[in-house]
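Me: Please give a close account of a single part of the model shown here. I would like the surroundings of that part described as well.

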Amino acid sequence: MPLTDHIAQKLELLPDTPGCYIMKDENQDILYVGKAKVLKNRVRSYFHGVHNNKTTKLVSRIRDFEFIQTGTEKEALLLEINLIKKYRPPFNIMFMDDKMYPYIEVTKGADFTVRITRKLTKRNSDVFGPYPVSTYAYDMVKLINQLFPIRKCRTLPKSACLYYHMHQCLGFCFQEVDQHEALKNREKIIRFLKGYTDEIKGELTQKMQEASANLQFERAQELLEQIRSIDYIQEKQVIDFSVRDSFDVFGWYEDKGYLSIQGFFVREGKLLERNMSISPVYEESQEAFLAYIMQYYSTNKVPKQIYVPQGTNVEILEESLQTKVIIPQRGSRKKLTDMVHANAKEAHEQKFQYVYRKDRERETANLKLASIFQKPIHTIEMFDNSHISGAYNVSGLVAFKDGKPDKSNYRKYQLGEYRSDTDSMKEVIERRYARLKKENKPMPDLLIVDGGAGQIHAAMAIRDELGIELTIAGLVKDEKHTTKALLNESLEEIELDKTHPLFFMLTRLQDEVHRFAITYHKQLRTKGMTKSILDDIPGIGPARKKQIQLAYPSMKKMKAASLEDFEQIIPEKIAQILYRRLHEEDLDALMDETEFEQEVDLDEQLEDTN
């Protein structure tokens, strides 16, 4: 991209200090956020010299930039992570969609609970994890709650629950519990979560043998299954270190403009799990690696030790994370760090071709659209309407950015009274783009309507009314109701090659908008049916209605509940009315069927008489 006067003037203003810089496109959307030890040198490097293909692609879209000065490089790094989390720029490496891994939390006190948590606070609990494969965490909690008679309820009921009668709880809700016994159970669970399972397995084995000797074979089988469950969970911890330390190990491998990062999580000498990320990289690999680690620990617990490969800026990580960061030079930790690097390289080589192909397909699809409409196409929006005989008339909007779903711009709309599909399309297009115009936000590069000439004309009419710049296209379907061509504003058909990436991208766009609209329609319909039934029953006010909806959030679950289930949360007479009202349709159908059978029997009797 030629250096514009605007950018050249701003480059002259860059200071010789640490800070963050924010690259923007022509719509002022943020493309990339970076940090620099010296802002002047780092930002200028983007507009001078030769870059690889990835960085060239980023630079070609930069039309403006901003910068924020900081006092130190550490402050710049922390600010960079916050800006990445806030804006999620498409050219920044992102940690696993910024998700939070589950942990197992054991609360304090004799009436402690063992549960899954994803929010690490400073509360006084014992926390174990993280578990990148959440199934293992849930399996572990389920097993602990089966093995130990501990509190299960977050809010204590007024009487003994089913868990007490199954001997899986000591009855904290209605009786005094032996504090010593409860705390002894807690200590056992802590040891169990740290990997010391022999004690529990020994107790279970002894109980199993006793049950078998007493001919209680079902109980013996149940205990055997619990022992097998412990073995199954232990098998997932494939590496066992002689020293029971807790630490994390990270490594990376970069090739052909893509960066693979591998992380191993070791707790009490056991490898809990590992995670892996492969992403296109538009910056120095070391810088991207630092940003990845900082993003990870912004939502996860920082261990006492972190091991990283040679060349990592240990000082800035230690200062930012307030923990020990080590580059091992020899011994088992060096071998482990080398193994993480080898895993990153192997995974990179295995996944690179797939990821690279997907990137190329998206790029090819967007280039094809650009050639069709004679303009760059980065953002696409599409609507789909859904209703049943005009009821619950809704619309869903999905947005794709550079060939990927942009869920931050998905929108749901409840529409007015249904008249026709064209009127519904007009209403939702007017609402969407009138608001964008009012808020002075950029329009999409392309609006696709899931229909032909009628819907294109409707969309063009709204566009002209609003006085906005908006390219519109429609989709033409064949006799099998599959997409065969694009329809431009002149109603000319552009045939689609069913083997071209553009065809697959448009198909995915159609499937996604249909799924999104249908899901919203079902939610409203279920909510409306539930609301109408509960509102018509005397004795059910706002408080009881909320209580019922919390227990049974869908009509399907409400219908599946028994009369006794309802009597647990509302008075008996009201429960009977609710149960009868929910099953009126079933009773009517049964009555109709019975009457029909009686009529048939009567006809057969008359025939026999004749």
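In which element is Lys85 found?

Reply: Lys85 is found in helix 4. The model is predicted: local features require pLDDT of at least 70, side-chain atom pairs count only at pLDDT 80 or more, and totals for chains, interfaces and linings use all residues. Residues are numbered from 1 along each chain as its sequence is written, and side-chain values use heavy atoms, with hydrogens and water left out.

Helix 4 covers residues 73-87, which makes 15 residues; helices (H or I, at least four residues) and strands (E, at least two) are DSSP runs numbered from the N terminus. From its first C-alpha to its last, helix 4 reaches 21 Å, close to the 21 Å expected at 1.5 Å a residue. That expectation is 1.5 Å times one less than the number of residues. Arg88 follows helix 4 and has a positive phi, near 45°. By way of background, most residues other than glycine have a negative phi.

Lys85 has a relative accessibility of 27% and therefore counts as partly exposed (buried means under 20% relative accessible area, exposed over 50%, and partly exposed in between, with a 1.4 Å probe and protein chains only). The buried residues of helix 4 are Glu73, Ala76, Leu77, Glu80, Ile81, Leu83 and Ile84. Seen down the axis of helix 4, these residues fall within an arc of 165°, so they line one face of the helix; the arc is taken over the directions from the helix axis to the C-beta atoms. An α-helix has 3.6 residues a turn, so residues three or four places apart point the same way.

The cover over the buried residues of helix 4 includes strand 1 (19-24), strand 2 (30-36) and strand 3 (64-69), together with helix 10 (285-297) and helix 11 (314-321). Contact here means heavy atoms within 4.5 Å.

Helix 10 is mostly covered, with 11 of its 13 residues buried. Among the buried residues of helix 10 are Ser285, Phe289, Tyr292, Met294 and Gln295. Gln295 also relates directly to the residue in question: Lys85 and Gln295 are 210 residues apart in sequence, yet their C-alpha atoms are 8.0 Å apart in space.

The wider context is as follows. The protein has 20 helices and 19 strands, and 45% of its 610 residues count as buried. Of the contacts with a separation of 6 or more, 59% are accounted for by residues 24 or more positions apart.

Positive phi values also occur elsewhere. Gln374, although not a glycine, has a positive phi of about 60°; Gln374 is found in the loop between helix 12 (331-373) and strand 12 (379-388). At 69% relative accessibility, Gln374 counts as exposed. Asp402, likewise not a glycine, has a positive phi of about 55° and lies in the loop between strand 13 (391-401) and strand 14 (404-405).

Residues up to four places away in sequence aside, Gln226 touches Leu143, Gln146, Leu147 and Leu204.
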